[in-house]
Amino acid sequence: MGITRRTRIWTSVGTAALLGSLAGCSEPADAPASPDTHSEASVTPAAAPSFSEGDGEGGEAGGAGGEFGIDPVEAETNPVVYLTAIEVMRAHYLAGIDAFQAGERSAGAEMFAHPISEIYIDFEPALEARGAPLFGDTMTDASVAPYSGESDEAIATHVADVLAALDAASAFAPRNTLSPAGVHARVLADLIVRSALQYEVLATNPDAQEPYLDGYGFGRAARRYAGNHLEQVAEGDADLALRIGRAIAAIQVSFPTATRPETLTGDSAALMALAEDVRTRANALR
């Protein structure tokens with residue numbers, strides 16, 4: 001990334017963060033102030049799952065570096081890490097726009113900025129190495145839009161542009177010796193475990209607000225990814241595909257809407273058990 005581009009992205013992200021901190025005085029798109037805020041500290045990158053190359057094939061959850069447990073260097077050669085980075089970014093925009101449109105405008109708008117500084121800045125060299133189109137400016141436009149007086153329709157369009165850019169970048173994922181079923185199963189397992197970890201935080205901190213939207217976003221991303229790739233997983237392991245489906249259904253029960261309900265009805269222990277089972281079986285699929 002050139003110095004000028006990096007400076008522009010950082011400046012825009014900083015502006016969005018500053019405006020977000022002033023949300024009590026000037027809410028995004030002139031909406032009523034929302035009490036909900038978002039912080040990635042709910043589950044730290046060290047606690048989040050990551051898949052590392054290890055034996056040259058990838059798959060075992062490990063301690064890869066980078067934000068959210070994503071190693072940007074490994075992403076250049078490992079399809080699981082590369083696609084996980086894409087989907088974790090996507091989770092923020094899916095959750096953000098749902099929350100924004102459901103009335104949690106501050107929390108939703110903040111979600112648009114977080115993946116830029118926390119993932120994309122370090123991930124862009126992997127895109128360049130793969131020859132993928134860059135989309136930092138597209139993400140920046142989406143993050144700034146809620147604070148610059150743009151209409152709700154325009155904000156939704158900006159988010160749709162980011163999602164389309166993520167789709168385009170997915171096509172440039174590297175390949176290794178894993179089968180498509182093995183790759184997609186691991187990406188799905190990663191998203192499922194991330195969502196379950198967020199619910200685990202909620203179970204021990206019932207008044208916490210931040211983890212809810214994170215967990216909802218990871219679940220939304222998992223549901224979307226399964227819609228596109230679960231059939232391929234089933235070709236490699238039909239039983240695993242069923243277990244993934246059950247885990248995603250349990251996440252939907254735990255995170256039913258983008259706005260947190262007054263009473264949480266999910267079972268944290270059961271959800272975590274489903275997630276760990278999926279992860280173990282996904283890691284065994286080659």
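Accessible areas here come from the Shrake-Rupley method with a 1.4 Å probe, and for residues only the protein chains shown count as cover. With that in hand, show the surface of the chain: it comes to about 11400 Å², and 54% of that belongs to carbon and sulfur atoms.

Before you click further, note that this is a predicted model, where local features need pLDDT of at least 70, side-chain atom pairs count only at pLDDT 80 or more, and totals for chains, interfaces and linings use all residues. Residues are numbered from 1 along each chain as its sequence is written, and side-chain values use heavy atoms, with hydrogens and water left out.

**Stop 1: the cartoon.** Helices (H or I, at least four residues) and strands (E, at least two) are DSSP runs, numbered from the N terminus. Of the chain's 286 residues, 53% count as buried (under 20% relative accessible area; over 50% is exposed, in between is partly exposed; 1.4 Å probe, protein chains only).

**Stop 2: the core.** Next, pick Tyr-82, Met-89, Tyr-93, Phe-123, Phe-135 and Ile-192, the residues with the most contacts inside the largest nonpolar core, which has 78 residues. Such a core is a set of buried Ala, Val, Leu, Ile, Met, Phe, Trp, Tyr and Cys residues joined through side-chain atoms within 4.5 Å. Elements giving two or more residues to this core include helix H2 (79-101), helix H3 (105-130) and helix H6 (180-204). H2 supplies the largest share, 15 residues.

**Stop 3: the rings.** There are five aromatic pairs in the structure. Rings of Phe, Tyr and Trp (its six-membered ring) pair if their centres lie within 6.5 Å; planes under 30 degrees apart count as stacked, over 60 as edge-to-face and the rest as tilted.

Select Tyr-82 and Phe-123: the centres are 5.3 Å apart and the planes sit at 55°, so this pair is tilted. Tyr-82 lies in helix H2 and Phe-123 in helix H3, 41 residues apart. Tyr-82 is buried at 0% relative accessible area, and Phe-123 is buried at 1%.

Now go to Tyr-93 and Phe-112, with centres 5.8 Å apart and planes at 5°, so here the pair is stacked. This one also links H2 and H3, 19 residues apart.

Finish on Tyr-199, Tyr-212 and Phe-255, which ring pairs link into a cluster.
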